[in-house]
Amino acid sequence: MRHRRVMHNEHLVGLVDMGSNGIRFSISDLSPPTSRILPTLYQDRLGISLYEAQHDPETGERIPIPDRTIKNVTAELRRFCLVCQEFGVAKDRIRIIATEATRTAVNSQEFRDHIKDRTGLTVEMLTPAQEGNIGAMGIVSSFASVRGLVMDLGGGSAQITWIIHEDGVVRTSPRVAISFPYGAAALTKRLADCEKAKDPEKAKQEFRQEIRTNFRNAYDELEIPPELIRHAEDEGGWHLYLSGGGFRGWGYLLLSESQVHGHRYPISIINGFKASRDELTDTERLKQVAQDAEKIFRVSDRRRYQVPAVAFLINALSNSLKIPPLDARFCQGGVREGFLFNQLPREIRAQDPIAVASAPFARVSAGHFKALLMSALPSPALGKAIPKTITHHHIEALANLMYYHSTNGKEIASVSALYCPISGVLSSAHGLSHSSRAKIALMLENRYEGELPPREAQFKHQVASILTPEEVWWCNYAGIVAWLIGQIYPTGAIGEKMRLWLSARFVDDLGKGGNKVGVELTISIRKSSASSVVKQEIDEDGDEDEDEDPLTGRVRVDSFAKNVAKVGKKKNWVGGRDGWGMAVKVVVAEQLSSV
């Protein structure tokens, strides 16, 4: 039998993240146009803790990495090389990145030489500063923008720095990052040593003070810019961005708690999950949860065992900062994501993840549909404005995805559209916040008129709870405008002639009293070739005339306009008649010329 020869793809990268708590294998595709979101083709994990392997289980003394561990790791690396070969990854595009546990191992050189001899691959060891920089870039890759303090908690070490990331430009400390030997596994061992002291409580208090002192010194040494400090003061606290396995385990604990005891948080993706200060620092409750629960989603027994150590660190951190934390955003981005993201040019890093993730699903006229949708959003006036949190990137994603579910029947179209960013085609896209996922979900669901069965109606309510009522209403509005565009352009292509123009403004003459502020949306269509006599006939009998344009006839478009205007009815406001919303008046106009 002849075997197919796999062609190498220059955009594929095989990466081994040899961390302290586990070894992660991945193959990523950096092909344009989706390189910004670091698509993953393959991933696996070897649950070997190189940190624990270097400590005698009986005495706790530091020992070399055992021969058996070295052989097991090498065997997995050889297997990964074969997997890379099958995927078409060139040998020179396979990288092994090692951190604290390998860097400080007694027999580090022997370990790395053995890997080199058996696989032909060189283990690249990151210095503490490089590890901090790569971890920070992993966090940057996880969001469209970052502005705050960032921390990476691995097994052997922890890094802290500050980051401002906007439009592809990353600013961080001149020190890059400050590293401490406070990884989750290392902390667990230190706390175990404290328990063996003559006075365990005194030992733990001294250790806690050591951490606080080091964090306070780091706060000064990082040279945080005054503008970032003022931003934290104005916001009421620091935005923390947390990555690394130790913090992700804590995040999954919080995520799990948000989905039990009557709570039904709708998104089970750790990247972008946000916790308030009170939730983050409720360490005693989470320690109890970790101890009592039989099983916790995505929290291994090793991570569960390390929960008290992570709680210890979070308490020390929150009491060390001159400005307390406001909230924490958990990040999937780590060494893999940071290493890959760091290689991308600035113009790629500046791209918005939601726009990039949705691009492969765009129809040929998606750019024009984005322009139509944008023209349906009124400019600020009369003290009213669309929330700044709804950006043109969200509208671009809506334009890209607005036909993806159009082949589904009415019973499933809105349902599948609602789940699209959460467990559908965008679920694996890296770099999306939960709020962005929620916005696109609501826009797409309303694009199909929002008809949901009871179970999914409840799910929609949970998705909407991530956003403000104002954001939800505008998502509903954008979605129904997308429905209108879909009616006029059913194939997703403009064709030879434009059929539709939109414009919108805020007005203050709506409502029964003519004094309510709302949106006036104008739908402009081509002037009918039929005479004005035909329009009179339409008005009298309410039926479409056979001489009208079958797609943009006046009667048909008038019916579309009435459907769009329903989003402004009080019964459709977010929270009901006493909730958030505004009246919508839809005007249908004809262009002076049909040319």
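Which side chains meet in a salt bridge at 2.9 Å, N to O? They are those of R336 and E337, where a salt bridge is a side-chain nitrogen of Lys or Arg within 4 Å of a carboxyl oxygen of Asp or Glu. The structure is a predicted model, in which local features need pLDDT of at least 70 and side-chain atom pairs count only at pLDDT 80 or more, while totals for chains, interfaces and linings use all residues. Residues are numbered from 1 along each chain as its sequence is written, and side-chain values use heavy atoms, with hydrogens and water left out.

**Overall architecture**

- The chain has 23 helices and 15 strands; these are DSSP runs numbered from the N terminus, helices being H or I with at least four residues and strands E with at least two.
- The C-alpha trace spans about 95 × 65 × 45 Å along its principal axes.
- Of the 595 residues in the chain, 53% are buried (buried means under 20% relative accessible area, exposed over 50%, and partly exposed in between, with a 1.4 Å probe and protein chains only).
- The accessible surface comes to about 27,600 Å², and carbon and sulfur atoms account for 49% of that surface; areas come from the Shrake-Rupley method with a 1.4 Å probe, and for residues only the protein chains shown count as cover.
- Among contacts between residues at least 6 apart in sequence, 73% join residues at least 24 apart, contact meaning heavy atoms within 4.5 Å.

**Salt bridges**

- The structure holds 29 salt bridges.
- In the pair R336 and E337, R336 counts as buried because its relative accessibility is 11%, and E337 counts as buried at 8%.
- Salt bridges with shared partners join R147, E166, R171 and E227 into one network.
- R285 and E257 also meet through their side chains in a salt bridge, at 2.8 Å from N to O. R285 lies in helix α11 (residues 283-292) and E257 in helix α9 (residues 245-257), so this pair ties together parts that are 28 residues apart in sequence.
- R285 is partly exposed, with a relative accessible area of 34%, whereas E257 is buried at 15%.
- K204 forms a salt bridge with E195, and their closest N and O atoms are 3.1 Å apart. K204 is buried at 17% relative accessible area, whereas E195 is partly exposed at 47%.

**Charge and surface**

- The chain carries 74 positive and 72 negative charges, whose mean positions are 2 Å apart. Lys and Arg count as positive and Asp and Glu as negative, with His and the chain ends not counted; each charge is placed at NZ of Lys, CZ of Arg, CG of Asp or CD of Glu.
- K516, K566, K569, K570, K571 and R577 form a positive surface patch. Patch residues have over 30% relative accessible area and no salt bridge, with like charges joined within 9 Å and nonpolar side chains (Val, Leu, Ile, Met, Phe, Trp, Tyr) within 5 Å.
- Within this patch, K570 is found in the loop between α23 (554-565) and β15 (583-590) and is partly exposed at 44% relative accessibility.

- Helix α20 (residues 454-464) has E456, F459, K460, Q462, V463 and A464 buried; their cover includes α18 (410-423), α19 (434-447) and α21 (469-488).
- T104, in the loop between α3 (100-103) and α4, is partly exposed at 35%. Leaving aside neighbours within four places in sequence, T104 is in contact with Q54 and R62.
- G120 is in the loop between α4 (108-119) and β5 (123-125) and is partly exposed at 42% relative accessibility.
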